[in-house]
Amino acid sequence: MTDIETGRLGDTAVPELYRSGRAKRNRSRNLRFAAYALGLTVIVGVGLFADWAKIADSYFDLERAKALFPDIITIAAKNTIVYTVFAFIGGVILGTSAALLRLSSIRPYRWVASIYIEIFRGLPALLTIIFVGFITPIALGIRFPKVFGVPTAGIVALSLVAGAYLAETIRAGIEGVPKGQVEAARSLGMTHGQTLRKVVVPQAFRIVIPPLTNELVLLLKDTALLSVLGVTPLTKELTAFARAEGSKGFNGTPLVIAGLLYLAITIPLTRLVAVLERRNKQSR
């Protein structure tokens, strides 16, 4: 046996290990300094040689930015929020249903849930939107109604995609509820349905609030894909609105403003996720 295997180190081993660790720390520190120096050089180079007047005119034209308001708020941002909220509600309903079916003792129910989850997690969201928004109305003669002035075809498509992802998250939350809680509820005379509805599902949602909020942020950004459906001026979301305005003179200012509005919505949500995660850890 070696000294390390027996837990004994020789007189020269400790200094050697110390020198090796110090050398690694020095290399890591030197690499960080090199990365900082390279980044600073790039920033200085861009600052010295960039055509700031052209950049300002192409991406930060104040006159073009002013012309976007208030429509970019009252139409585009409002529609984005409507698409997101209703698609998220639909996704939670579908995801909860699919999660419960996946955990069912009846095998056909598990098969149906698994097929739904695998299909809509495997397909690109854009393909699902095209299939629901273009192919389905033509093939089946379905006319999707509007909700708050926006067509529900995009909401249905995003709900299907979100539900498939949320199903696995909610299922993990349900399985994370201690079995003792279920046994206690059943010992009090609750039926299986009552136990799920009053004990298991509420606690499962408390566990999965942070990933649910993350999915809400992703869903908000996925609404940009709805621009492929050929929306009208009053049903445009932020990306479609910005693209249409940016094509007038091929200027990037509308896209920059739309990006800032996305950040104004998503950054508070991501901060909320961090707060919820901290509270979740503290309550355990």
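## Exercises on a predicted model

I119 lies in helix α5 (helices are DSSP runs of H or I with at least four residues, strands runs of E with at least two, numbered from the N terminus). This is a predicted model, where local features need pLDDT of at least 70, side-chain atom pairs count only at pLDDT 80 or more, and totals for chains, interfaces and linings use all residues. Residues are numbered from 1 along each chain as its sequence is written, and side-chain values use heavy atoms, leaving out hydrogens and water.

**Exercise 1.** Work out whether I119 is buried, partly exposed or exposed.

*Solution.* Start with the cut-offs: buried means under 20% relative accessible area, exposed over 50%, and partly exposed in between (1.4 Å probe, protein chains only). I119 has 41% relative accessibility, so I119 counts as partly exposed.

**Exercise 2.** Locate P70 and describe the peptide bond that joins F69 and P70.

*Solution.* Begin with the loop between α3 (62-68) and α4 (71-102), where P70 sits. Then check omega: at about 5°, the bond joining F69 and P70 is cis. Most peptide bonds are trans.

**Exercise 3.** Count the helices and strands of the protein chain.

*Solution.* Read the elements from the N terminus: α-α-α-α-α-α-β-β-α-α-α-α-α-α. The tally is 12 helices and 2 strands.
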